[in-house]
Amino acid sequence: MVKFVNVNLNGKTEVNLELNKGEFYYLSYEKENDKNLFLQMLTKVALPKKGTIIMGGEDFTASSKSGYKIIMRKLGITYKDYKFISYKTIFGNLKYYLYLRGYTDEESTELSLEALEFFSLLHKKDDFIENLTQEEMHYFSLARALSTEPSYIVMEEFHKGLDETNLKKVFLLLEELCKNGLGIMYITNDSTILEKYPKDLNMLGEGVIKNV
């Protein structure tokens, strides 16, 4: 599971939140800064001054550098602004992502090719980000997040820029992945998405409220 235990987010909010395998819910937020800090804590860019983050049964906040790499394999994240590296090819972006998670060159090559093939992007592997359509960037972002075969995925406003056909395709895929055990946290304030694809809702604000 991914679990926040009494995590001090902004000096006011103590977050207690849990994501289990096979669970799919939305996380809404009151302040952009809180959401950004929450995402930073999930990747250890920021550490909580108080509280503990558990990932896959291990204390993520106290993990060593080498331990952190292994733990991070369990979590995939897609970002609203993608966070791609513009000077690397698609293949290079994926291999670097996997390198940061402790995979060998041989392993990262194999996993990268598998992820690109799954999302029909293999023919784009030597292209740079600027040569992708917005739709392709979305799918590449998801390919990257799933390349380590994680147990959990956090998605930030993934629907932004997707047409209705591709949005439906993505949610059908997410439902299938969830049935196969993937834990999914989808971060959004978009009421259209919440109504069209209803799930349990958590609110990130003055504490975390489940099933809003």
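Visitor: Let's start with N6: in which strand is it found?
Guide: Keep in mind that this is a predicted model. N6 isn't a glycine, yet its phi is positive, about 50 degrees. Its place in the chain is within residues 2–8, which make up strand 1.

Visitor: And is N6 buried, partly exposed or exposed?
Guide: Buried would need a relative accessible area under 20%, and exposed one over 50%. N6 comes out at 34%, so it counts as partly exposed.

Visitor: Where does E149 sit?
Guide: E149 is another non-glycine residue with a positive phi, about 50 degrees. With a relative accessibility of 63%, over the 50% cut-off, E149 counts as exposed. As for its place, look in the loop between helix 5 and strand 7.

Visitor: Moving on to helix 4, what span is expected for it at 1.5 Å a residue?
Guide: Helix 4 covers residues 105–118, which is 14 residues. From first C-alpha to last it reaches 20 Å, and that's close to the expected 20 Å.

Visitor: Within what arc do the buried residues of helix 4 fall?
Guide: The buried ones are S108, L111, S112, A115 and L116. Look down the helix axis and they line one face of helix 4, because they fall within an arc of 130 degrees.

Visitor: Which exposed residues does the face turned away from that buried side carry?
Guide: On the buried side, helix 4 packs against helix 3 (90–99) and helix 5 (134–146). Turn to the face pointing away from it and you'll find E106, E117 and F118.

Visitor: What follows helix 4 with a positive phi?
Guide: Go past the end of helix 4, at residue 118. The residue to look for has a phi near 55 degrees, and it is S120.

Visitor: How are helix 3 and helix 4 oriented to each other: parallel, perpendicular or oblique?
Guide: Their axes come within 9 Å and cross at roughly 125 degrees. The crossing is right-handed. Residues meeting there include F91 and L98 from helix 3, with L111 and L116 among those from helix 4. An angle of 65 to 115 degrees would count as roughly perpendicular and one over 145 as roughly antiparallel, so this pair is oblique.

Visitor: How about helix 3 and helix 5: roughly parallel or oblique?
Guide: Here the axes come within 10 Å and cross at roughly 30 degrees. With angles under 35 degrees as the cut-off, that makes the two helices roughly parallel.

Visitor: Which residues of helix 5 make the contact with helix 3?
Guide: Helix 3 passes helix 5 in a right-handed crossing. On the helix 3 side, the contact uses I90, N93, L94 and Y97. Their partners in helix 5 are F140, A143, R144 and A145.

Visitor: How many of the residues of helix 5 are buried?
Guide: Helix 5 has 13 residues and reaches 19 Å, close to the 18 Å expected. The buried set includes M137, Y139, F140 and L142, as well as E136 and R144. Helix 5 is largely enclosed by the rest of the structure because its buried residues number 11 of the 13.

Visitor: Last one: which helices and strands do those buried residues pack against?
Guide: Two strands are involved, strand 6 (75–78) and strand 7 (152–156). The helices packing there are helix 3, helix 4 and helix 6 (164–179).

Definitions and conventions:
Residues are numbered from 1 along each chain as its sequence is written. This is a predicted model: local features need pLDDT of at least 70, side-chain atom pairs count only at pLDDT 80 or more; totals for chains, interfaces and linings use all residues. Side-chain values use heavy atoms; hydrogens and water are left out. Helices (H or I, at least four residues) and strands (E, at least two) are DSSP runs, numbered from the N terminus. The expected span of a helix is 1.5 Å times one less than its number of residues. Buried means under 20% relative accessible area, exposed over 50%, partly exposed in between (1.4 Å probe, protein chains only). The arc is that of the directions from the helix axis to the C-beta atoms. Contact means heavy atoms within 4.5 Å. Axes are lines fitted to C-alpha atoms, for helices over the stretch in contact, and angles run from 0 to 180 degrees between N-to-C directions. A crossing is left-handed if the near helix is turned anticlockwise from the far one by less than a right angle, and right-handed if clockwise.
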